[in-house]
Amino acid sequence: MTSLPTWEANLSVFGPIKTEKVQSFKVFKAFRHDDPFYSDISLSNVSYGLTATVTAFASTSEFANKAALLFFGKMLDTLALKIRQPLFLSFSNENPIRTKPYSVRRIIEKVEWKTAFQESRLLNKEEPTFLRALGWYRKGQYTEDPFDKFLAYWNSIEIAASKYHNPTPQTQQGSKNQIWECFKTLWGECSDWPIIQGNEDWIKDNYKIRNNIAHGLTPITVNEVVKIVNKIEGLEKVAHNFLVNWREKKLSVKDHLSSLLEHIGIENFE
């Protein structure tokens, strides 16, 4: 067992979600069932989303807060791809920064919490680059700045493509060709790509927008903001399709996750 002290961190999740009821459960952090490192999780509904209490092993309170935020945030990264809702995570305080109440909220069932926690753990061990791409996708969902939103969705595609493309002489020239190769591997010819069927300039055009934003070349004017906003919906759809399809067809997550969940058992989540 660890000799580190145990801390309890309070977190807030801002977004249109709620849990079935007040939930309390134990989640193992490491891949092996016999690893003693785990967290006790407690979830409660509030008007702006959820509050979460997470235990963490750390030498100081500062490290405990960071560990809890990182651990819980990775779970939200996997959950956000599934439910496609903005999920912003922050340390709890008496005056939350986002107190917008939601009249319609997605109810997250116990099995969905369980799967999200264990999938994030599995991806962290087996496919950390893909998990990092999911983190950027979640940021794209919750950030309100249109430039940041565009960059986040684009980064979610680019990071995954940089890791998983089939190497060719063309892909050595950079991320545009790496994304093209991944789209081709996943969906076939450009004429068959979802959302952007036959649009051979889509990657090039959006890559140019990404560079202009990232390098400060895009003027912050009403017209430019409107142009970016009009691009975001399509970019999000492509990013979501790409990440979901790549996870289902090109990663072995589903088989590993099924075995892991069966090995751990539902009793460890109650």
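Predicted model: local features only at pLDDT ≥ 70, side-chain atom pairs only at ≥ 80, totals over all residues.
**A chat about the fold**

Q: Which other non-glycine residue has a positive phi, near 60°?
A: Arg84 has a phi near 60°, and its place is in the loop between α1 and β6, the latter covering residues 88-91. At 33% relative accessibility, Arg84 counts as partly exposed.

Q: Changing topic, what does the chain consist of in terms of secondary structure?
A: The secondary structure comes to 8 helices and 7 strands. Of the 270 residues in the chain, 47% are buried, and among contacts with a separation of 6 or more, 71% are between residues 24 or more positions apart.

Q: How do strands β1 and β5 run relative to each other, parallel or antiparallel?
A: Strand β1, residues 6-14, runs antiparallel to β5, and 9 bridges join the two. Within this pairing, Phe14 stands opposite Gly49 in β5.

Q: On to the helices, at what angle do α3 and α7 cross?
A: The axes of α3 (residues 128-142) and α7 (residues 222-250) cross at roughly 150° and come within 11 Å. Because angles over 145 degrees count as roughly antiparallel, that is how α3 and α7 are described relative to each other; their crossing is left-handed.

Q: Which residues make that contact?
A: From α3 come Phe130, Ala133, Leu134, Tyr137 and Gln141, while α7 supplies Glu236, Ala239, His240, Leu243, Trp246 and Arg247.

Q: Is Phe130 buried or exposed?
A: Phe130, which lies in helix α3, counts as buried at 0% relative accessibility. Leaving aside neighbours within four places in sequence, Phe130 is in contact with Leu123, Tyr164, Leu243, Trp246, Arg247 and Leu251. The C-alpha atoms of Phe130 and Trp246 are separated by 9.5 Å, although these residues are 116 apart along the chain.

Q: How does α1 pack against α3?
A: Helix α1, residues 61-83, packs against α3 at an angle of about 70°, with the axes 8 Å apart, and the two are therefore roughly perpendicular to each other. The contact involves Gly73, Lys74, Leu76, Asp77, Thr78, Ala80 and Leu81 of α1, together with Leu131, Leu134, Gly135, Tyr137 and Arg138 of α3.

Q: One last topic, how many disulfides are found?
A: A search of the whole structure finds 0 disulfides. As for two of the cysteines, Cys182 is buried with a relative accessible area of 1%, and Cys190 is buried too, with a relative accessible area of 6%.

Note on methods:
Residues numbered from 1 in each chain as written. Heavy atoms only, no water. Disulfide = S-S within 2.5 Å. Buried < 20%, exposed > 50% of the residue type's maximum accessible area, 1.4 Å probe, protein only. Pairing = 2+ DSSP bridges. Helix = DSSP H or I, 4+ residues; strand = E, 2+ residues; numbered from the N terminus. Axes fitted to C-alpha atoms, helices over the stretch in contact; angles between N-to-C directions. Parallel < 35°, antiparallel > 145°, perpendicular 65-115°, else oblique. Left-handed = near helix turned anticlockwise from the far one by under 90°. Contact = heavy atoms within 4.5 Å.
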